[in-house]
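Dear colleague,

I am handing over the structure that we spoke about, and below it you will find my notes on what turned up in it. Please read them alongside the sequence and the coordinates.

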Amino acid sequence: MNIYLPIAEMSVNVFLLLGLGTVTGVLSGLFGVGGGFLMTPLLIFIGVPPAVSVSTVANQIIASSASGFLAHWRQDHVDFKMGNYLLTGGLVGSSLGVMMFRWLKQGGHLDLFISLSYVTFLTMVGLLMAGESLRAIFKVARKPSSSNKLPMAMRMPFKVDFPKSNLRISGIMPIAIGLFVGMMVSLMGIGGGFFLIPAMIYLLGMPTAMVIGTSLYEIIFITANVTLLYALTTQTVDIILALFLLTGSVVGAQFGSKLGAKLPSEYLRAMLAALVLCVAAKLAIDLFTPPANIFSVSAM
């Protein structure tokens, strides 16, 4: 049974969309990741235009981030002051990213930019995760660090107190981090957690308990801003596509979370690393494979 996607301008099997959403939801629950970095390439693989894939997945992330944020808020694991500093940079960065998205789309370079960005990003993340998981599986100890430097944000000027996280750090760093993450969300259709969470831990020095809830708080508003701007300026948000993906991902996440509790974490990371590298390899191959129907456009 096919359904027509008005924005993507194509017909897709309903069960394929539900299946993609379910698989991504299982992966989200299994590996503890948002799934946006996998959903966007998978949509591109089935023929959805990259511009529609990026903006629609950004819309889907709003719901999943809001659900996770509420759970952490109930546990009092959200630093709203830090989140507002991150959000200040994030709103600016996401708006700039949408402007860059429009510029690339008008110039005809958007599809290539998205594919190259994902190949680079997924390869780096996959290799890092593979190395970490293999060290854990074979019990290879890390070399001790020769220096115990303070996080960068503690060594910069314009100090601000963040009582919830028990920090006194520069206000410049969280704004800069938010700016970068906002651009990545708008250009790649990802939640930004892969960038944001390590930056909050290693650059800001935030307690781990506060990191996830605070990052989800910021991501809700960034992805909402991105979705609104895309809907108003590029008209590339396909609500019908987002609804089917969200339905499948909500169901899949429940199964993934139960399955993830039964498997060792190092093996889960190794499986995710292998999956990420396979997706990156498929995108890279597609970049160098001639299209089935080659055509050219010439000026009269």
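A residue is called buried here if its relative accessible area is under 20%, exposed if that area is over 50%, and partly exposed in between, with a 1.4 Å probe and protein chains only. On that basis, buried residues make up 44% of the 300 residues in the protein.

Please bear in mind that this is a predicted model, in which local features need pLDDT of at least 70 and side-chain atom pairs count only at pLDDT 80 or more, whereas totals for chains, interfaces and linings use all residues. Residues are numbered from 1 along each chain as its sequence is written, and side-chain values use heavy atoms, with hydrogens and water left out.

**Overall layout**

Helices (H or I, at least four residues) and strands (E, at least two) are taken as DSSP runs and numbered from the N terminus. The protein has ten helices and four strands, and their order along the sequence is β-β-α-α-α-α-α-β-β-α-α-α-α-α. If a contact is taken as heavy atoms within 4.5 Å, then 75% of the contacts with a separation of 6 or more are between residues 24 or more positions apart. The accessible surface, from the Shrake-Rupley method with a 1.4 Å probe, comes to about 15400 Å², and carbon and sulfur atoms account for 69% of it.

After helix 5 comes K139, with a positive phi near 55°.

**Salt bridges**

With a salt bridge defined as a side-chain nitrogen of Lys or Arg within 4 Å of a carboxyl oxygen of Asp or Glu, the structure holds two. In one of them K164 meets D76, with the closest N and O atoms 2.6 Å apart. Because K164 lies in the loop between strand 3 (159-162) and strand 4 (167-170), and D76 in the loop between helix 3 (50-74) and helix 4 (80-107), the pair ties together parts that are 88 residues apart in sequence. K164 is partly exposed at 34% relative accessible area, and D76 is partly exposed at 45%. D76 also has a positive phi, near 60°, although it is a residue other than glycine.

The other salt bridge joins the side chains of R168 and D161 at 3.2 Å, N to O, and D161 is partly exposed at 39%.

**Aromatic rings**

Rings of Phe, Tyr and Trp (its six-membered ring) count as a pair if their centres lie within 6.5 Å, and the planes are stacked when under 30 degrees apart, edge-to-face when over 60 and tilted otherwise. There are five such pairs. Among them, Y85 and F162 are edge-to-face, with 5.3 Å from centre to centre and 80° between the planes; Y85 is in helix 4 and F162 in strand 3, 77 residues apart. Y85 is partly exposed at 24%, whereas F162 is buried at 0%. Ring pairs also link W73, F80, Y217 and F221 into a cluster.

A charge sits over a ring if NZ of Lys or CZ of Arg is within 6 Å of the ring centre and within 35 degrees of the ring normal. K81 lies over the face of F162 at 5.6 Å from the ring centre, and K282 over the face of F45 at 4.7 Å.

Kind regards
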